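Reader: I am new to this structure and would like a close look at one part of it, namely the salt bridges. Could you take me through them with care?

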Amino acid sequence: MITLYRAHLLWSDSPTGLREVKDGGLLVADDGVIIARGVFDELAVLHSSAVIRDLRPHWILPGLIDLHVHLPQYESVAMDGLELLPWLEAYIFPAEARFADAAVAQRAARRFFGDLLSLGTTTAVVYSTIHQEATDLAFQEAESCGIRAAIGKVMMDRNAPESLREDTETSLKQSEELIQRWHGKAHGRLSYALAPRFAPMCSPELMRGVGQLSEKHEAYIQTHLSENVEELAWVQNLFPDCANYADVYRRHGMLNRRTLLGHGIHLDDSERAMILDAGASIVHCPSSNAFLQSGVMPLRRWLEEGLSIGLGTDVAGGPSLSMWDEMAMACTVSKLRFALLGEANATVNPAEAFHLATLGAAKALSQSHRIGSLEGGMDADFIVVDPRRTDPAERLEDAADRVLSRLIYRADPRMVKATFVRGNQCFVQAS
Ligand SMILES: [Zn+2]
């Protein structure tokens, strides 16, 4: 069965290129692949046997992509008052230790993925805990709820609390078992993202093993880089032979085009050159960077240098699971760099933030042929939104840039009406 969805279509095809079809059609095959996108009337004539779903006055946008989020931390969001390292000790490690219990892990995963879908996130790159079973359960939940996800078991073999420390060999072996079980499964909807937490809690042997597993299986690597000033000093102390923080990962074979580096706030010139050279990507997490008082990444500068960048909520470092909130924060903090630091041309607008959360993120995942937009041949990962929910008077605005600005700055839980991944409706808002 072929379905023709009728709505106002909005997507991004370049960093500043907001595109729309006002009375648009999105033609989706029953295998979940987009056949064509265009003017509704024209597609309706060409494909007269298609089942029509008229979604007007709602809009269709590509699904949002969260490149950095911690499943086990979701229930510990918004615990204010501490910086990164003491915050990990006070809230996060105790929460992650509870995932040794499979029942806890399963319930949390179900809630987490369900909430992501309800917010319009169709793809998430997710840290689990060190527990193999909890990670396996996270994959099972992602498989059954229909979301697209790259997930990885956290790896920590030193300087972590006793209850969350593993030996190097076990960490690598369990990760590889999970890769073999899940990487590329569900028609490529699920993939594996090796998750060495960050350099201070990973031995050189562990990091080398991660690099080798990534090469061998073409798996992603997700980790943290240059987030907090105290953390930087710790890394320098632990790795005196490395030139800087990024060099620690480079020397241990962890920088490649499938590497996603969370934060990257305090990077120097040579670190950015290394990242660019390796084809790795930076995940900008502005809410978390503000919440944990880590800093404000110079997004505009990093973009102008040609770095590949996407956005991440970094829950629970970030207090919201919503990519709408994350896009708003990316815009807001860029304005502050301009207003407070006098950084010329620092501001980032909603269209640019939207690009980072859709096609830009898809590029960081090397999946821009498949997700991030509404092109024919792509998987039908899209969301249906009601822009009237963002207007105090519930009027229907027609200008794409204004609608997008409102969706981002005034995101309302009721505005996402439905979420589709690979053509499958994974969430629908109860009316
Ligand atoms: Zn994180």
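Author: What follows is a walk through the salt bridges, pair by pair. The model is a predicted one, and it holds 32 salt bridges. As background, side chains of opposite charge can pair when their charged atoms come close.

One of these salt bridges brings together the side chains of Arg 197 and Glu 96, with 2.8 Å from N to O. Arg 197 sits in the loop between strand S9 (190–196) and helix H6 (204–217), while Glu 96 belongs to helix H2 (residues 84–97), so this pair ties together parts that lie 101 residues apart in sequence. Arg 197 counts as buried because its relative accessibility is 3%, under the 20% cut-off, and Glu 96 is likewise buried, with a relative accessible area of 0%.

Another salt bridge joins the side chains of Arg 19 and Asp 13, at 2.7 Å from N to O. Here Arg 19 counts as partly exposed, with 39% relative accessibility, and Asp 13, at 31%, also counts as partly exposed.

In the salt bridge between the side chains of Arg 395 and Asp 391, the N to O value is 3.3 Å. Arg 395 is exposed, with a relative accessible area of 55%, whereas Asp 391 counts as buried at 7% relative accessibility. Beyond such pairs, there are salt bridges that share partners, and these join Arg 148, Arg 370, Asp 379, Asp 381 and Arg 422 into one network.

Technical notes:
Residues numbered from 1 in each chain as written. Predicted model: local features only at pLDDT ≥ 70, side-chain atom pairs only at ≥ 80, totals over all residues. Heavy atoms only, no water. Salt bridge = Lys/Arg side-chain N within 4 Å of Asp/Glu carboxyl O. Buried < 20%, exposed > 50% of the residue type's maximum accessible area, 1.4 Å probe, protein only. Helix = DSSP H or I, 4+ residues; strand = E, 2+ residues; numbered from the N terminus.
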